[in-house]
Amino acid sequence: MIKRTLYCIIVIAAVVLTSCRENCYSPSKSLLGVAFVDSLSNQAINLNSLTVKAVGCDSVLYKKVTDKFVSLPLHITSNETDYKFAAAAFTEESDSVKFTLKVYHTSAPQFVSPECGCVPYYKVDSVIVEPETRRVTGVELYDDNVVNAENSVHVKIYF
Amino acid sequence: MSRYISNILLILFSAVAVIPEAYAAENQEDNAAVNTVANTAETKAIPVASKSGDGSDLILTDTIKVESVGTVNLDSTMVINHTDDAHGDAAIDRKQPVYQGTYINLDLYNPLATLWNGGRFEVMVSADVSLWHRLFPVVELGFMSMHPTNDAFDYKTYGVFAKAGALYNFLNTKKERKRDHILAVGVRYGYSNVTYQTTNASVSVDYFKENAIMSSDKMVANYGWVEFVAICRVQVYKDFFMGISGVLKAFQHTYKTCPVYPTYIPGFGKNSDGVLNFGIEYTVTYRIPSKKLRVFREESGL
């Protein structure tokens with residue numbers, strides 16, 4: 001009798017739990033990760049008072065923050081996305097940091113799950129940095145696949 | 001999370017239900033054999049005689065009890081089992097054969113799980129061979145299909161998979177066993193080919209205030225992985241068995257991939273970097289009759 005009761009409890013619990021619909025726990029955005037790197041030590045460095053804004057967009061994505069990594073959304077209706085960066089100088093004697101990052105990409109839909117739906121997937125073809133000051137020394141396309149994963153580095157900008 | 005808890009509960013249910021019943025059945029049959037030998041009139045005392053020294057007379061030297069089953073032909077080829085009233089066990093005077101049956105397994109859990117896993121239909125059939133009732137090489141073939149669709153997306157994916165490996169049985173390996181239950185663990189390698197395509201996908205980027213309907217081409221990818229299996233299989237009636245398995249799937253890797261990754265991998269489950277997937281299989285099994293094995297078991301009195 002006890003064993004039969006135990007069976008019933010376990011089976012009912014299993015059926016109830018499996019019928020619960022899962023929520024969406026996956027990241028729902030595909031963002032381009034840009035890291036700032038010191039060209040001599042190859043270590044990540046912070047940009048102080050950093051402001052980032054997309055070209056042709058009024059809203060500012062990052063406003064006077066201090067960080068060594070930023071995540072940038074890309075267009076889905078265009079194959080090019082441009083961002084303007086402005087940050088404080090590293091030292092009192094050096095220039096402030098100003099440059100434009102041009103990203104050339106293609107996009108496709110990525111199905112995540114029935115609960116989460118679809119997110120854009122980007123294939124980055126190339127990146128170009130147009131510096132307005134001398135602080136930027138180079139740029140590297142580290143990973144050309146932009147998927148819905150958080151804090152992934154795709155582009156490295158060297159100073 | 002709830003799906004994993006429910007899988008663990010189902011395994012717990014089967015373990016509670018199946019393993020004690022298997023051991024109880026074994027003990028009941030052994031006890032019944034002892035009682036039968038001790039209490040019934042089916043035992044016969046057969047005189048054993050040998051010739052005297054000069055060969056002229058037969059001298060009664062001993063009597064042995066013979067458990068008669070049906071018609072007993074007392075000829076020189078009969079195997080005579082010495083019965084022990086205290087234990088009732090019969091000693092088999094020959095080795096176990098290497099080959100002890102081929103089992104065809106059909107999974108019932110995953111096709112039923114289509115009702116609650118978002119519409120992913122998966123079916124698999126496997127075959128394993130019993131070697132010494134210890135080692136079970138196994139191969140498995142399966143198919144997966146899924147087509148979730150609504151106003152925001154239309155995703156179609158399907159594919160086939162194959163697995164191969166071996167199981168090692170810890171339970172019920174005596175030559176005198178009455179039933180062929182097993183409790184085994186093992187390792188399998190899986191390989192899958194999957195085709196997938198997304199059409200009419202509604203995608204938006206809030207920062208740019210953009211919305212678009214996107215579609216992708218049909219893509220094909222190949223994946224491999226490793227599985228660790230624990231299985232309990234019980235003989236229900238003659239050549240019919242039922243079993244339940246818990247499977248841990250890990251070390252997923254790609255042979256051929258596409259820029260857009262498949263959401264589900266046939267045989268493996270949901271696809272993600274570094275993911276561990278847990279699966280469950282509830283199988284009905286048919287053992288292909290083997291004349292050689294049946295003769296061995298009949299001669300052994302099993």
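Let's start in chain B: the backbone nitrogen of Tyr109(B) sits 3.2 Å from a polar atom of the Asp107(B) side chain. This is a predicted model, where local features need pLDDT of at least 70, side-chain atom pairs count only at pLDDT 80 or more, and totals for chains, interfaces and linings use all residues. Residues are numbered from 1 along each chain as written, chains are lettered from A and ligands numbered from 1 in written order, and side-chain values use heavy atoms, without hydrogens or water.

Stay with Asp107(B). Its side chain also makes a polar contact of 2.7 Å with the side chain of Asn110(B). A polar contact is a pair of N or O atoms within 3.5 Å; within protein, one must be able to donate a hydrogen and the other to accept it, and residues adjacent in sequence count only if both atoms are side-chain atoms.

Which side chain of opposite charge is nearest to Asp107(B)? Lys163(B), 8.2 Å away. Asp107(B) is buried but has no salt bridge. Buried means under 20% relative accessible area, exposed over 50%, partly exposed in between, with a 1.4 Å probe and protein chains only. A salt bridge needs a side-chain nitrogen of Lys or Arg within 4 Å of a carboxyl oxygen of Asp or Glu. Lys and Arg count as positive, Asp and Glu as negative; His and chain ends are not counted.

Now Phe111(A). Buried or exposed? Buried, at 0% relative accessibility. Beyond four places in sequence, its contacts (heavy atoms within 4.5 Å) include Cys118(A) and Tyr264(B). Cys118(A) is buried too, at 11%.
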